[in-house]
Amino acid sequence: MTSRHRSSEASQDLNSRSPRRRTVVKAAAATAVLAGPLAAALPARAAADTPRFLHGVASGDPLPDGVLLWTRVTPTAEAVPGSGLGPDTEVSWVVARDKAFSTIVAKGSTTATAASDHTVKADIRGLEPATDYWFRFSAGGTDSPAARTRTAPDADAAVTGLRFGVVSCANWEGGYFASYRHLAARGDLDAWLHLGDYIYEYKSGEYAARGTVVRPHAPANEILTLADYRTRHGAYKTDPDLQALHAKAPVVAIWDDHEFADNAWSGGAVNHTEGAEGTWTDRKTAAKQAYFEWMPVRPAIAGTTYRRLRFGKLADLSLLDLRSFRSQQAASGSGSVDDPDRTITGRAQLDWLKAGLKASDTTWRLVGNSVMIAPFVVGSLSAELLKPLAKLLGLPQEGLAVNTDQWDGYTDDRRELLAHLTSNAIRNTVFLTGDIHMAWANDVPVDAGTYPLSASAATEFVVTSVTSDNLDDIVKVPEGTVSALASPVIRATNRHVHWVDTDRHGYGVLDITAERAQMDYYVLSDRTDQNATSSWERSYRTRSGTQKVERTYDPV
């Protein structure tokens, strides 16, 4: 996954961071960057085989004493992502306390090779907690852009506040990544969370902006092979707004389905045809390899993205992998969603999550969660006397789930997790979610059918898509039209839902103090406009100890 590490040294004065196959509420898309081959667009210096850093630099998974650094070097003009071409290239890095790099605190080098698509990772340690650092890479006399990163607070630090950008679902063909640009411009983020669908796998034109390709992606075909996935990741990493955000703060990322294929599960995907598109095992292996090559992610368990980070005594963050171990999705409206043999997490991951939540001694327990955990049902049989009837008829006992790709399709795992929270009096659990291309603010009820009489075990903030089609785009009506009609209906039948916006694109900013966790929701003026503006739409918070969401009328 990473380049071969050769040397690293720290300063001695450190003590002096689908259209074809898609659901209605989940879109899918692709990525891209160039209408023609990348090599044709390279500057003259690159054509002369001078090493270049064309894909920016990034950092991720901050620890109190370190951070993971990332880049990709293009050693020669023909060594484009996925090509398998290009010589072994020495790449060095430096980390400094200041933007001018006058005080170097760590440095080292590695060899970038075609075997890792010329990507480079450096897992830097020996840094100080809660501290800004600057870093850059060098190869063949060429320096990369400089970037800022930040370490996490010390594990026992009394942290007064944290601020994270929160995004998901960035469809290259659906528009421009203005959400990233606006987050980068803030300059006040400790880190940013990407909750999945960082890339999309579709062929060009299969899923775009209301059917219109804003910018074509590379490769043009649906990505199936290791070379394809590498090319798609490389295309994304040329986006200037994405590069800008990576250069301003460390990312904490998990994958969802489109890093593989639409509605992926452990043994396949809706958007995968076994045989005609190779084997799912080979495709999944290729997708994971490219992801770990191209993303500044430090897998705690090989081949997965579930892991845990801590930010002082204020919050820990459990990050889930809800694709590698899940059972195949059930048919919508089927009672099989209640089957205890079906899982979204897998046994080992669910036990890991439960143990971590119980053992946590932080004020807040955040969960990076790629698909919505709060129920979203229609035809709920809310009265207890009707539940035996539902079981007799083979109906879902919590109502008819609209989207069984979410936790709604795996109700036994959800019941076990929520029962664990309530029986152990685990408070202040906040799920941070993407995937559904809408913004939501939810309580997470133990029993949705009787809520609000039943308890709320946690809360959930769901961010909308960066660019992927949401409901007004799917039905092609003016923005806000669907939300005005659908939101009251959704809330009437799902009383734990405090707010839903089905129609807009944007991002969130999560601000945490000991007293409350607040999500500010921001929307874009036009995802197809490269210069789109951003505006605050709404804010919701959960106050410590309440396990419930409430509206607040000012962003932080």
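**A helix and its salt bridges**

A: Happy to! The side chains of Arg347 and Asp351 form a salt bridge, with 2.7 Å from N to O; the term stands for a side-chain nitrogen of Lys or Arg within 4 Å of a carboxyl oxygen of Asp or Glu. The two residues are about one helical turn apart, because they sit four residues from each other in helix H6 (residues 347-359). Helices here are DSSP runs of H or I with at least four residues, strands are runs of E with at least two, and both are numbered from the N terminus.

A word on the source: this is a predicted model, in which local features need pLDDT of at least 70, side-chain atom pairs count only at pLDDT 80 or more, and totals for chains, interfaces and linings use all residues. Residues are numbered from 1 along each chain as its sequence is written, and side-chain values use heavy atoms, leaving out hydrogens and water.

Back to the pair. Arg347 is partly exposed, at 44% relative accessibility, and Asp351 is partly exposed too, at 36%. Buried means under 20% relative accessible area, exposed over 50%, and partly exposed in between (1.4 Å probe, protein chains only).

Now for the helix itself. H6 has 13 residues and should span 18 Å at 1.5 Å a residue, which agrees with the 18 Å between its end C-alpha atoms; the expected span is 1.5 Å times one less than the number of residues.

Its buried residues are Gln349, Leu350, Leu353, Lys354, Gly356 and Leu357. Seen down the axis of H6, they fall within an arc of 165°, so they line one face of the helix; the arc is taken over the directions from the helix axis to the C-beta atoms. On the other side of H6, Ala348, Lys358 and Ala359 are exposed.

What do the buried residues of H6 pack against? Their partners are strands S13 (307-311), S14 (315-319), S15 (364-369) and S18 (429-433), along with helix H8 (411-423); contact means heavy atoms within 4.5 Å.

For context, the whole structure holds 35 salt bridges. One of them joins the side chains of Arg150 and Asp190, at 3.2 Å from N to O. Arg150 lies in strand S9 (residues 147-150) and Asp190 in the loop between helix H2 (178-186) and strand S11 (191-194), so this pair ties together parts 40 residues apart in sequence. Asp190 is buried, with a relative accessible area of 18%.
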